[in-house]
Amino acid sequence: MKMLKTILKQFVHKPATTMFPYEPLENFEGTRGHLVFDPSKCTSCMMCMKRCPSQAITVQRAEKIWTIDRFRCVMCGNCVDVCKFDVLSMEREYAKSATPTERGVETYEITYVKPERPKKETAE
Amino acid sequence: MTGRQTVIPFGPQHPVLPEPIHLDLVVEDEHVVSAIPSIGYVHRGLESLVDRREYQDFVFLAERICGICSFTHSSTFCQGIEGMMGIQVPSRATYLRTMWGEYSRIHSHLLWLGLFADSLGFESLFYQAWKIRESILDELEATTGGRVIQGVCKVGGVRRDVSNSFLSDMDDRLDDIEDEMKDLTNVFLNDYTLTKRLIGKGVLSKEDAYYLGAAGPTARGSGLDLDARNTGYLAYGDIGFKPVVEKGGDGYARCAVRCKELFQSVEIIRRVITDMPDGEVSVPVKGNPDGEYFSRSEQPRGEVIHYLKGNGTKNLAQFRVRTPTLTNIPPLVSILAGCELADVPQIVLTIDPCIGCMER
Amino acid sequence: MNMKIDPIQAADVQKTAGNMRTGGYRLVVITCTPADEGYYITYSFEKETDLRHYRIAVAEGTTIPSIGSSYGGAFVYENEIHDLYGFSFEGMTLDFGGTFIKTSVPYPFKKKEQPAPTVTVVKEEKK
C-alpha cells in the first residue's frame with residue numbers, strides 16, 4: 001500500500017529529466033567543462049606540456065604553435081593550476097563533439113610579443 | 001547420491017554484471033558444487049605508469065582506477081604521500097575530504113540498490129534509485145566541478161573551497177533527499193518478493209568471513225565489526241564512529257547493512273557541516289617522497305590499502321593497490337558452493353563486485 | 001600507521017602464519033616490492049588496530065611455501081605475485097598455473113635492465 005503513493009505521484013509529477021533539445025542544459029558555476037587558451041599571453045615555457053597527465057598538449061617553441069588534442073584532454077585542470085601567466089582557464093559548457101577526420105586536434109598560433117625593457121642608464 | 005557433473009560458464013558477458021568477471025560453475029542437477037573464478041579482462045597496468053609521471057600529477061591517474069569509488073582512491077593516495085613526507089594537512093581540508101567521501105559512499109550504495117533491483121526484474125525501482133542518485137551527483141558537481149571523477153584532492157590539501165553559506169543550504173536539501181531514501185529502503189527491506197529472494201540465500205558464517213578475508217558490508221553482514229574508519233583517520237576520530245553490523249550472514253543482511261549506511265552517512269555529513277573549522281585548505285609542498293608507507297581507508301565496498309614507495313626522486317618507485325573486491329573473492333567462492341543455479345547472479349551481486357578497481 | 005616491519009626467514013613463513021592464525025589475526029595483504037638485491041615480500045596481519053608486518057628477502061625465481069593451510073584466502077595474492085613477478089609458491093589451495101592475470105608480456109613487473117622512458121611520445125598517424 002505504501003507503493004501506491006509513489007505510483008499515484010507519477011501521474012501528476014512533471015518529468016524527472018530535462019527535455020534536452022528544447023530546454024537548455026544547465027550545469028553549475030565552477031563545472032570543469034572545456035579548456036580555453038589565450039594566445040596573447042603565452043610565453044612558451046612548456047610547463048603545461050610537461051605536467052598534463054594524458055599528454056594532450058604539445059608546444060613547439062621555434063614555430064610558436066600550441067596544439068591540444070581534444071579527445072585526449074580529460075578536463076582535470078592541472079594545466080590551469082600550473083601555468084604562471086594566466087593563459088589557460090576552464091569554461092562551463094561541456095566540450096563539443098568533433099568529427100573523426102579532424103581527430104579533435106586544435107592548433108593555435110602564439111601571438112605573444114615580449115615587451116622591451118627600457119635601457120638601463122649606466123651610473124656615472 | 002552423485003549425479004553427473006557439468007561445467008557451466010558464467011560471464012564475462014552477463015546482463016547482471018556491470019563489469020566482466022568469469023566463473024566456472026561445477027553443477028550437479030541444479031546445485032552448484034564449486035566455483036572457480038577467472039579474472040584479467042580489464043587489466044590496464046596502471047601501476048606501472050608510476051615511473052613516468054611526477055608524484056603530484058599521479059593523483060589524476062589514481063582517481064581514474066575506478067569510476068564509482070574514485071574519490072576514495074585519490075584521497076587515500078594523497079594521505080599516503082602526506083604520511084610519507086610528514087606533511088600536516090589543515091583541518092578544514094580533512095573535514096571537506098570526509099564530506100566528499102561520505103557523498104561518494106551514498107552515491108555508490110544507491111547505484112548498487114538500482115543494479116540489484118534491475119537484476120531481479122524491477123526496472124522502475126532501478127530508475128527510482130538512480131533518480132535520487134542524480135540529486136547527489138548535482139551536489140558533487142556544484143562543489144567540486146565533476147560529477148563522476150571529482151578531481152579535487154591534491155597533495156597537501158584540496159584544490160577548492162566551499163563557502164559556509166553554501167554548506168548551510170546543502171543541509172536543507174539533505175532533508176528532502178533523506179525522505180526519498182526512506183521510501184526507497186522501505187521497499188528493499190519489506191517487500192514480499194524481494195525478501196523471498198534474499199533471506200536464507202548465500203550464507204557466510206562469521207568464522208569463514210574473518211579468516212577468508214572478507215571486507216566491507218560482506219563482513220559486516222556476518223556479524224564482524226570490521227571497518228577501517230575505526231582507526232580514526234581524517235575527521236572520523238573527532239566525530240566518533242560506530243559501524244553498522246547485522247547478524248544474518250545472508251544476502252538480506254548485506255542489503256540491510258547498505259541501506260542503513262545510507263542514513264548513517266547523511267548523519268555524518270550533517271555533523272561535518274556543523275563542526276566545520278575555518279582556515280585555509282592547502283599547504284605548499286616542497287621536496288620529494290622517500291621511504292615506504294601503507295595507507296588504509298574505507299571505500300564503499302570495504303577496506304582499501306595503497307602501498308607507496310619513494311626513492312627521493314620526483315617519480316615514485318612503486319605503487320600497489322589492494323582493493324576490497326580482490327579480498328572478497330575467496331568468500332564468494334565459499335558462498336557459491338551449495339547454492340542453487342538460479343540464485344547465482346543475485347549472490348554474485350550481493351558482494352558488490354567492482355572489477356575495474358580490482359584489476360586496475 | 002604502524003610501519004614497524006619484522007624481518008623473518010623464508011623457511012619460517014608457515015610457522016609465523018600458524019601463530020597468527022591461533023592468535024586470532026586476519027590476513028590483510030601480501031605485497032612484493034623490488035629491493036636493491038632481489039625482492040622483498042611482506043605479509044601484513046591485523047587484529048583490532050594492532051597491525052603487524054613480516055618481511056622476507058628472496059632472490060629472483062625462488063620457491064616459497066604457501067600459507068594456504070592457515071589462511072584459505074591467500075591464493076588470490078600468491079597467484080597474482082606469481083603472474084606478475086615470477087615467483088612460485090608451493091602448496092596453494094587453488095593453483096591457476098599462470099592464467100590468473102593474462103598479460104601479453106610474461107612477468108611484466110620484474111626488474112628490467114632499461115627503465116621505461118619518462119614521457120612516451122605519441123607517433124603521428126599517416127593517412
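Two strands count as paired if DSSP finds at least two bridges between them. Everything below comes from a predicted model, in which local features need pLDDT of at least 70, side-chain atom pairs count only at pLDDT 80 or more, and totals for chains, interfaces and linings use all residues. Residues are numbered from 1 along each chain as its sequence is written, while chains are lettered from A and ligands numbered from 1 in the order in which they are written.

**View 1. An open sheet in chain A.** Three strands line up in the order E2-E3-E5 (chain A) with antiparallel pairing; strands (E, at least two residues) and helices (H or I, at least four) are DSSP runs, numbered from the N terminus. Strand E2 (57-60) and strand E5 (105-109) of chain A are the edges, each pairing on one side only. From one strand to the next, the twist averages 15°. Look for the four antiparallel bridges between E2(A) and strand E3 (residues 65-69) of chain A, and for Ile57(A), which stands opposite Ile68(A) in E3(A).

**View 2. Two helices of chain B side by side.** The axes of helix H5 (residues 164-190) of chain B and helix H10 (residues 251-274) of chain B come within 11 Å and cross at roughly 170°. Axes here are lines fitted to C-alpha atoms, for helices over the stretch in contact, and angles run from 0 to 180 degrees between N-to-C directions. H5(B) and H10(B) are therefore roughly antiparallel to each other (an angle over 145 degrees). Residues making the contact (C-beta atoms, placed from the backbone, within 7 Å) include Leu167(B) and Phe188(B) of H5(B) and Cys255(B) and Ile273(B) of H10(B).

**View 3. Nonpolar cores.** A nonpolar core is a set of buried Ala, Val, Leu, Ile, Met, Phe, Trp, Tyr and Cys residues joined through C-beta atoms within 7 Å, where buried means that 20 or more other C-beta atoms lie within 10 Å of the residue's own, all placed from the backbone. In the largest one, of 120 residues, Val59(B) and Leu336(B) touch the most other members. Helix H3 (residues 91-120) of chain B gives this core its largest share, 12 residues. A second, separate core of 12 residues includes Ala56(A), Trp66(A), Cys79(A) and Ile110(A).

**View 4. Where chain C meets chain B.** Here 24 residues from chain C and 25 residues from chain B take part in the contact. On the chain C side, strand E2 (residues 26-34) of chain C supplies the largest share, six residues.

Conventions:
Contact = placed C-beta atoms within 7 Å. Parallel < 35°, antiparallel > 145°, perpendicular 65-115°, else oblique.
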